[in-house]
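Let us learn to read a structure one feature at a time. Look at it first, then we talk.

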Amino acid sequence: MQKWLSHYRNWLTAITGVLIILAFSSKWVFSSEQGSAYLLFVASLVGGLPIFVQAYQALRVKVISIDLLVTLAILGAFVIKEFEESAIVAFLFLFGAYLEQRTLAKTRSAIKNLVEMVPETTFRKLHNGDFEEVSVEEVNEEDILLVKTGGKIPVDGEVIFGSGTANEASITGESIPVSKGLRDKVFAGTILENGTIQIRTEKIGEDTTFGKIIELVEEAQDSKSKAERFIDKFSKYYTPSVLVLAIIVWLISRNIELAVTILVLGCPGALVIGVPVSNVSGIGNGARHGILFKGSDVITNFSKVDTMLFDKTGTLTYGSPQVAQTIYYSSDRSLAESLLASVERESDHPLAKAIVNHYSGSVVEVIDSTEVVQGGGVVARIQNHQVLVGNSYLMNQYNIPFTNQMKTDIAGMEAEGNSIVLTAIDGQIALVVGIRDQIRQGVKEDLETLKNMGVKNLILLSGDNQGTVDLVTNQLGLTEAYGHLLPEDKAEFVRKRQASGEIVAFVGDGINDSPSLALADIGIAMGNGTDVAIETSNVVLINSDFHRIPHAIGLAKATRRNMIENIFIALLVVVVLLISVLSSSWMNMAIGMFVHEGSILVVILNAMRLLKYKRKR
């Protein structure tokens with residue numbers, strides 16, 4: 001019976017509404033009071049049945065629910081033969097529940113949209129080289145998959161053949177397509193807008209970046225905040241209080257209609273729905289912008305953060321060495337670049353990779369011979385040129401001369417935290433390259449925005465030497481900076497700031513950041529970081545997009561404000577209705593129920609504004 005009523009609840013709502021319209025038509029058009037009363041009686045039964053059953057099921061588990069208040073109100077209206085009141089109350093309550101259901105479904109669209117991004121089938125390579133269409137569930141790690149133009153990428157993997165551009169908006173929130181070629185990583189749920197690629201499967205199902213996103217958003221939306229738990233507890237005691245108030249009013253006034261009206265108007269529907277719908281809307285907005293809040297409590301705590309701690313490598317910086325500065329001492333720049341890139345292509349050293357990436361457009365020459373000088377670098381012979389690539393030790397070993405200007409330039413680059421790579425061609429310094437882990441573009445502006453949003457303390461914690469840490473701090477305008485810190489030192493720093501009464505957020509990406517991420521009031525993990533860091537954090541920034549942090553904290557503050565607004569609206573409406581029914585003659589059950597259901601719609605619409613939230617620049 002309960003399943004049937006639940007399945008056809010919306011139909012019963014529609015039938016109740018139609019019967020009420022027919023009843024009023026019978027009364028006003030055909031002047032049939034008896035026909036109208038009969039139709040309203042039937043409408044009360046049709047609309048009241050699912051409410052009665054819901055109230056009964058709640059009582060079985062010893063819960064006095066809102067449905068019980070409405071049930072008693074409908075039965076009370078029956079007793080006093082106010083079928084018009086009972087029918088309208090039943091319809092408005094059902095219709096309010098329908099609006100609530102539809103709106104919550106819309107706010108949960110983030111999950112639905114994410115799930116729909118995963119294809120059901122894909123093309124897997126067979127042993128004979130052909131491709132067959134199979135279910136995505138049949139795909140295993142190391143399988144080779146084919147993705148064509150317009151196709152959805154079903155797994156996390158690496159491109160092993162072909163090229164194209166992928167729309168990674170579902171992962172990063174950015175709509176600009178990203179070029180994909182040999183050895184590039186691709187993610188499940190993204191779309192290959194053009195080109196054809198073959199990918200080797202690395203992660204499948206829930207283990208993919210996309211799968212983790214869905215899992216985290218689902219967990220967040222299913223969790224309850226302190227505010228929601230408070231409202232649940234409040235409703236548990238509030239509902240019996242309304243019942244007692246109605247009984248007292250009846251005992252004093254002997255006015256059953258007044259008592260029944262109090263039962264109806266005292267329903268805290270808007271209060272019960274206001275907080276969760278705000279949280280779900282905020283979480284949905286975050287998911288669409290590459291921010292994963294792991295629960296409703298996270299939003300509330302995040303909105304109060306006044307101290308933010310940052311790891312350096314991979315957080316404020318890109319986490320990989322890049323060419324930051326070049327100084328040429330040769331008139332033939334293209335030759336110097338070409339010879340340097342040709343030598344470094346033969347090395348797996350991180351500095352060599354940075355140089356190869358920086359000079360990726362240079363002509364690659366054939367190397368005739370190479371010799372590795374331990375602790376110094378490489379000596380190579382290319383097209384009758386002697387090429388030395390390495391440090392000052394190598395240059396001194398081969399008596400390469402340095403001018404005073406060169407020494408000054410190199411000292412200046414070292415003072416800025418660069419690792420120096422020297423290139424000498426035929427006995428003369430031709431090029432000096434400074435390499436360092438560079439600060440993420442736009443981070444300085446983001447940090448300034450955080451200050452303007454109420455984050456008072458912006459502090460850098462790093463395992464690097466204090467000199468490097470100070471350089472970064474001066475560039476970014478941080479309030480404090482500490483170097484030479486071990487993971488336990490960072491965690492202890494978090495404890496001290498919390499003990500002083502600060503609400504602390506920690507932003508990091510590595511395994512060594514995990515203790516601090518778990519300990520902080522809010523742990524924020526860069527999405528390209530380690531699995532441990534992501535698991536122990538409260539907020540995940542997809543694709544390690546630091547620029548999302550201002551949006552995240554702004555959204556958290558907006559969501560908290562929205563919850564407070566909804567609580568205020570709900571309580572104000574209930575208080576006004578109860579005062580009106582006790583002190584005025586114009587307030588009746590139908591008007592009160594209409595206002596009551598209207599308040600539910602108001603708090604839902606207010607919460608839905610969060611779906612379109614954008615931080616003001």
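## Reading the chain, step by step

The accessible surface of the chain comes to about 29400 Å², and 55% of it belongs to carbon and sulfur atoms. Keep in mind that this is a predicted model.

Q: What share of the residues is buried?

A: A residue is called buried when its relative accessible area is under 20%. Of the 617 residues in the chain, 49% are buried.

Q: How much of the contact set links residues 24 or more positions apart?

A: Take the contacts with a separation of 6 or more. Residues 24 or more positions apart account for 65% of those.

Q: Where is Thr423, and is it buried or exposed?

A: First find the element, then the accessibility. Thr423 sits in strand 14, residues 419-425. Its relative accessible area is 0%, so Thr423 is buried.

Q: What does Thr423 touch?

A: Leave out residues up to four places away in sequence. Thr423 then touches Leu340, Val387, Leu388, Val389, Met395, Gln428, Ile429, Ala430 and Leu431.

Q: Where is Glu142, and is it buried or exposed?

A: Glu142 is in the loop between strand 2 (131-135) and strand 3 (144-147). Its relative accessibility is 55%, so Glu142 counts as exposed. The cut-off for exposed is over 50%.

Q: Which element holds Asn606, and is Asn606 buried or exposed?

A: Asn606 belongs to helix 24, residues 589-608. With 12% relative accessibility, Asn606 counts as buried. Look for its partners beyond four places in sequence: Asn606 touches Asn562, Glu565 and Asn566.

Q: What is the phi of Asn384, and where is this residue?

A: Phi of Asn384 is near 70 degrees, a positive value in a residue other than glycine. Asn384 lies in the loop between strand 12 (377-382) and strand 13 (385-390). Its relative accessible area is 70%, so Asn384 is exposed.

Q: What is the phi of Asp426, and where does Asp426 lie?

A: Asp426 is not a glycine, yet its phi is positive, about 55 degrees. The residue lies in the loop between strand 14 and strand 15 (428-439). Asp426 has a relative accessible area of 41%, so it is partly exposed.

Q: Which residues form the nonpolar patch on the surface?

A: Look for nonpolar side chains grouped on the surface. Here Val244, Ile247, Ile248, Trp250, Leu251, Ile252 and Ile256 form such a patch. Together they have about 640 Å² of accessible area.

Q: Which helix gives the most to the nonpolar patch?

A: Helix 9, residues 226-253, gives the most, with 6 residues. Ile248 is found in helix 9. With a relative accessible area of 40%, Ile248 is partly exposed.

Note on methods:
Residues are numbered from 1 along each chain as its sequence is written. This is a predicted model: local features need pLDDT of at least 70, side-chain atom pairs count only at pLDDT 80 or more; totals for chains, interfaces and linings use all residues. Side-chain values use heavy atoms; hydrogens and water are left out. Helices (H or I, at least four residues) and strands (E, at least two) are DSSP runs, numbered from the N terminus. Buried means under 20% relative accessible area, exposed over 50%, partly exposed in between (1.4 Å probe, protein chains only). Contact means heavy atoms within 4.5 Å. Accessible areas come from the Shrake-Rupley method with a 1.4 Å probe; for residues, only the protein chains shown count as cover. Patches are made of residues with over 30% relative accessible area and no salt bridge: like charges are joined within 9 Å, nonpolar side chains (Val, Leu, Ile, Met, Phe, Trp, Tyr) within 5 Å. A salt bridge is a side-chain nitrogen of Lys or Arg within 4 Å of a carboxyl oxygen of Asp or Glu.
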